[in-house]
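Open the model in your viewer and keep the selection panel at hand. Each stop below says what to select and what is found there.

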Amino acid sequence: MKIAICTIGNDLSANLDDRFGRSTNYLIFDDETNEFTVIENSAKNEGSGAGGKAVSLLNENKVDVVLSPHVGPKAQTALEAFGIKAYHYGEAKTVKEALDAFKAGKLQEIVKPKSGLRKA
Amino acid sequence: MKITVLSGKGGTGKTTVSTNLAYNIDNTHLYDTDVEEPNSHLFYKPVENNLKIEKALKSVPVINNEFCTLCGKCSNFCRYNALLTAKTKVLVFEESCHDCGGCAHVCPHGAISYKDIEIGQIITGKTQYQKPITYGLLNVGELSGVKIIEDIKDTISPDVINIFDAPPGTSCATHASVEDSDYAVLVTEPTPFGVSDMKMVVEMLRNMKIPFGVVVNKAGLGDDEIYEYCEEEGLEIIMEIPYSRNIAKLYATGDIFSKNMPEYQEKFQKLFEIITTNMRSNSKNI
């Protein structure tokens with residue numbers, strides 16, 4: 001399983017980014033090999049719709065799960081359409097803390113609210 | 001003739017200037033294109049039981065899944081990311097769509113058609129003095145009022161003096177409102193925010209090659225930076241409205257202040273004369 005984490009840095013000790021669609025980087029951790037890669041978020045400077053584009057980027061990198069802060073409504077629709085699950089990284093401050101909390105089953109899945117302005 | 005009243009900062013007095021200008025000049029039609037929060041009609045009151053209300057529509061893409069091959073050309077093309085090609089379908093984010101028609105054009109399979117959705121209203125009426133006013137109203141949750149402003153612009157007559165009250169700032173909506181103007185009136189206030197936000201508007205108007213003059217509202221408040229800036233840039237201050245308790249009081253009652261202050265009726269007529277003179281010499285302040 002590939003787990004993406006929103007981060008401002010390049011390694012496991014790096015701090016988390018407090019945005020999803022406009023996150024600086026995504027660290028992608030493979031829990032089968034225990035190896036990771038870091039990708040720059042090419043969607044972060046989009047005028048609008050950065051969230052959807054970021055989800056598309058995660059999909060290209062075969063990500064299954066993303067650990068993130070609050071996710072916007074369009075991004076949430078996109079995550080659902082690509083079958084990528086999002087978990088709120090909670091109190092974690094670094095990539096490692098977020099990963100450990102996720103592996104320990106302590107993070108909560110972000111689910112789409114049943115109603116709202118989103119139409120797609 | 002089209003004159004647009006705009007500002008960098010919100011709350012500098014666009015509506016005060018545009019309503020007073022429209023009120024004191026013959027043969028005017030006032031248009032409030034600040035469609036996110038129009039307020040000209042609160043002062044320049046159209047008679048309520050005789051309003052013409054039209055729906056403002058926007059066309060958004062509809063994907064025919066029978067023909068769509070998920071090739072991704074449409075979502076790559078859309079610079080507003082209103083389309084996103086997902087695993088089994090193309091997602092359409094209707095509120096992000098700017099109604100450009102490009103996606104159907106680039107679709108190689110003819111899978112995209114359009115449907116109209118209502119994004120707001122265009123309301124037209126006449127004041128008790130028989131003066132026409134039109135204002136746009138964008139629905140809550142919609143991202144862009146540009147389409148409403150474009151629709152409003154399509155209705156203007158060349159035979160009257162069209163006065164546009166623009167949205168603040170230098171957004172797409174402001175650009176749409178001020179486009180094709182013969183002259184722009186830049187309303188500002190002598191505060192650091194007033195000056196800072198005005199600089200962006202000056203740059204925009206110069207880019208668009210629209211001649212303009214500056215109205216300093218709430219003069220006497222703040223500092224001299226605005227005057228220094230105008231002098232440095234060679235901008236003409238075509239009117240000053242003082243920071244006055246009396247004007248503020250009349251504004252607060254929802255009235256057009258010059259109606260009750262006759263000396264200002266002359267001042268707004270004079271302002272119009274300056275505008276038309278400057279318009280003729282055209283190169284002024286660009």
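Start with the contacts of chain A (contact means heavy atoms within 4.5 Å): among those between residues at least 6 apart in sequence, 50% join residues at least 24 apart. This is a predicted model, in which local features need pLDDT of at least 70, side-chain atom pairs count only at pLDDT 80 or more, and totals for chains, interfaces and linings use all residues. Residues are numbered from 1 along each chain as its sequence is written, chains are lettered from A and ligands numbered from 1 in the order in which they are written, and side-chain values use heavy atoms, with hydrogens and water left out.

Next, show chain A as a cartoon. Read from the N terminus, the order is β-β-β-α-β-α-β-α-β. The radius of gyration of chain A is 13 Å, close to the 14 Å from the globule rule for 120 residues, so chain A is as compact as a globular protein of that length. That radius is taken over C-alpha atoms, and the globule rule is 2.2 Å times the number of residues to the power 0.38. The C-alpha trace of chain A spans about 40 × 30 × 25 Å along its principal axes.

Colour chain A by burial. Of its 120 residues, 50% are buried, where buried means under 20% relative accessible area, exposed over 50%, and partly exposed in between (1.4 Å probe, protein chains only).

Now select residues 50–60 of chain A, which form helix H1. Eight of the eleven residues of H1 are buried, among them A:Ala50, A:Val55 and A:Leu58. What do the buried residues of H1(A) pack against? In chain A, the partners are strands S1 (2–7), S2 (25–30), S3 (35–40) and S4 (65–68) and helix H2 (73–82); strand S4 (83–85) of chain B joins them. After H1(A) comes A:Lys62, with a positive phi near 60°.

Finish with the cysteines of chain B. For B:Cys74, the nearest cysteine sulfur is that of B:Cys71, 6.4 Å away. B:Cys74 has 8% relative accessibility, so it counts as buried. For B:Cys107, the nearest cysteine sulfur is also that of B:Cys71, 6.2 Å away. B:Cys107 counts as buried because its relative accessibility is 17%.

Note on methods. Helices (H or I, at least four residues) and strands (E, at least two) are DSSP runs, numbered from the N terminus. A disulfide is a pair of cysteine sulfur atoms within 2.5 Å.
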